[in-house]
Amino acid sequence: MEGKKRSGAVNSGDDDSNSENAGAAVSDEAEYEADTHTTTKKKIITTAESEETYKESCLFYTYNDIARNPDSVKGERAKIVGKVFQVQEKGSEVILMVNITQGEYGSWNDSIMVYYEIPDGESRILEDDVVSMWGKLGGTYTYTTVMGAERTVPLLYAEYVDVEYNDVY
């Protein structure tokens with residue numbers, strides 16, 4: 001079943017400036033530090049990478065790949081498939097909790113947290129949606145559960161999310 005295509009970026013804080021951005025628009029931004037009287041220049045590179053090119057550059061990761069050594073894959077482009085079990089919305093910004101390991105009898109396990117910004121005019125993502133996600137791995141995120149325990153999960157900054165189907169029985 002073909003899913004709805006979405007695109008949206010949440011700033012992951014990574015600096016993607018590199019020489020591979022041929023044809024990119026470059027601008028200089030000067031910063032003045034009053035106490036040292038120095039000027040620093042930063043190159044800001046913007047590109048218009050297609051959705052197809054971005055998705056093709058992503059590698060498939062399993063839960064064990066990203067949970068065991070999260071810092072070794074932090075910043076890497078990833079494709080992850082899973083089932084949404086929690087959605088928190090604030091305007092167009094969405095935080096998803098997604099189980100990404102499919103078990104026996106249709107169950108899903110192994111949670112990750114996903115930050116995503118839904119583009120204008122796109123449909124909402126709902127609990128029980130099975131989604132394909134492409135984005136950058138962000139290490140881990142630690143939060144406090146409703147029972148007061150701390151929990152650490154892998155983090156993905158999604159650029160694109162396709163809703164494949166809704167898994168409600």
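**Notebook: salt bridges in a predicted model**

I began with K83, which forms a salt bridge with D167; their closest N and O atoms are 3.2 Å apart. The pair links distant parts of the chain, K83 in strand β4 and D167 in the segment after β8 (150–166), 84 residues apart. I looked up the accessibility of both: K83 and D167 are buried.

I then noted that this is a predicted model. The mean pLDDT of the protein chain is 81, and 72% of its residues reach 70 or more. Over residues 1–45 pLDDT stays under 50. Where pLDDT is low, predicted coordinates should not be read in detail, so I left the details of that stretch alone.

Next I checked the elements. The protein chain has three helices and eight strands, in the order β-β-α-β-α-α-β-β-β-β-β from the N terminus.

I went back to the salt bridges, of which the structure holds six. One of them joins R77 and E49, with the closest N and O atoms 3.0 Å apart. R77 lies in strand β4 (residues 77–90) and E49 in the loop between β2 (38–46) and α1 (51–56), so the pair ties together parts 28 residues apart in sequence. R77 is partly exposed at 23% relative accessible area, and E49 is partly exposed at 32%.

I also looked up E89, which forms a salt bridge with R124 at 3.0 Å between the closest N and O atoms. E89 is in strand β4 and R124 in the loop between β6 (108–117) and β7 (129–144), so this pair ties together parts 35 residues apart. E89 is partly exposed at 39%, whereas R124 counts as exposed at 53%.

Last, I recorded a network of salt bridges linking E51, K55 and D162.

Definitions and conventions: Residues numbered from 1 in each chain as written. Predicted model: local features only at pLDDT ≥ 70, side-chain atom pairs only at ≥ 80, totals over all residues. Heavy atoms only, no water. pLDDT = per-residue confidence, 0-100. Contact = heavy atoms within 4.5 Å. Helix = DSSP H or I, 4+ residues; strand = E, 2+ residues; numbered from the N terminus. Salt bridge = Lys/Arg side-chain N within 4 Å of Asp/Glu carboxyl O. Buried < 20%, exposed > 50% of the residue type's maximum accessible area, 1.4 Å probe, protein only.
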